[in-house]
Amino acid sequence: MLEVIAFDADDTLWHNEEYYTQAKAVFIQILSRYHNPEWVEQRLDEIEIHNVQAYGYGIKSFVLSMLESAVELSSGQVAGSEIQEILALGKGMLAEEVRLIDHAEETLGQLAPDYQLMLITKGDTFEQERKVRRSGLVKYFRYIEIVGEKTRLAYQTLLDKHNIAAPKFLMVGNSLRSDILPVLEIGAQAVYVPYPHTWSHENIVGDALDNHNYHEIGDLSQLPVVLRRLNHR
């Protein structure tokens, strides 16, 4: 019997990646006088993935990666005005309102009376805390956890912290790499909700999911049906 339902935040409960996509398009335009768009985008992606190890996830990390890319791709000739444009992109992203994904709040409202709900999000603590507050969804969650990375160890640590047995835990999210695979590896269950603009890095799992079963739904409105089915096996 499931007792705790955990939700990813970015691109599961509210929109996030689309802001990165929009900013990246502007960045590519800024750097277009130095290189062709395809190379600018490829190099930014490579630098961003590499920098996660040093800076973690979030807008600040993304801005630092854009600045590093600009210096490299321009051979150090990037103009001060271009640096200002890149910084403005980051500030604009931080100022964006939190836009909930369709059916997010109504689904949480349906589940809250019957389950303990947990929010598990990764990234910069200040940035994530602000989005959580702005979302208006805090009232539905018994637990809110912000982690640096979503790994098997991170999930197991959270379950131990709150005295939750893995078979009674289910994670809902849009990232195969962060929300699905590590949860299945500790013996819990997971529901995958694809998002159109998920960062490719988040869904690189190779054949790691071949020996695991998880559930996939088209949107959050379908989640209560899945949970009822799982609890009546």
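Biologist: Why is Lys131 called buried?

Modeller: Because its relative accessible area is 12%, and buried means under 20%, with exposed over 50% and partly exposed in between (1.4 Å probe, protein chains only). Keep in mind that this is a predicted model, where local features need pLDDT of at least 70, side-chain atom pairs count only at pLDDT 80 or more, and totals for chains, interfaces and linings use all residues. Residues are numbered from 1 along each chain as its sequence is written, and side-chain values use heavy atoms, with hydrogens and water left out.

Biologist: Okay, and where is Lys131 found?

Modeller: Lys131 sits in helix 6, residues 125-135. Helices (H or I, at least four residues) and strands (E, at least two) are DSSP runs, numbered from the N terminus.

Biologist: What does Lys131 touch?

Modeller: Leaving out residues up to four places away in sequence, Lys131 touches Asp10, Trp14, Asn16 and Val98. A contact means heavy atoms within 4.5 Å.

Biologist: With which side chain does the side chain of Lys131 make a polar contact?

Modeller: With that of Gln128, at 3.2 Å. The rule asks for a pair of N or O atoms within 3.5 Å; within protein, one must be able to donate a hydrogen and the other to accept it, and residues adjacent in sequence count only if both atoms are side-chain atoms.

Biologist: Let's zoom out. What is the order of the strands in the open sheet?

Modeller: The six strands go 3-2-1-4-5-6, with parallel pairing. Strand 3 (143-147) and strand 6 (215-216) each have a single partner strand, so one side of each is left without a neighbour in the sheet.

Biologist: How many bridges join strand 5 to strand 6?

Modeller: Two bridges join strand 5 (residues 189-192) to strand 6, and two strands pair if DSSP finds at least two bridges between them. Tyr192 stands opposite Glu216 in strand 6.

Biologist: Which strands does helix 8 touch?

Modeller: Helix 8 (residues 176-185) packs on the sheet against strand 2, strand 4 and strand 5, and its direction makes about 155 degrees with that of strand 5. Axes are lines fitted to C-alpha atoms, for helices over the stretch in contact, and angles run from 0 to 180 degrees between N-to-C directions.

Biologist: How does the radius of gyration of the protein chain agree with a compact globule?

Modeller: With 233 residues, such a globule would come near 17 Å, and the chain has 19 Å, which agrees. The radius is taken over C-alpha atoms, and the globule rule is 2.2 Å times the number of residues to the power 0.38. Of those 233 residues, 52% count as buried.
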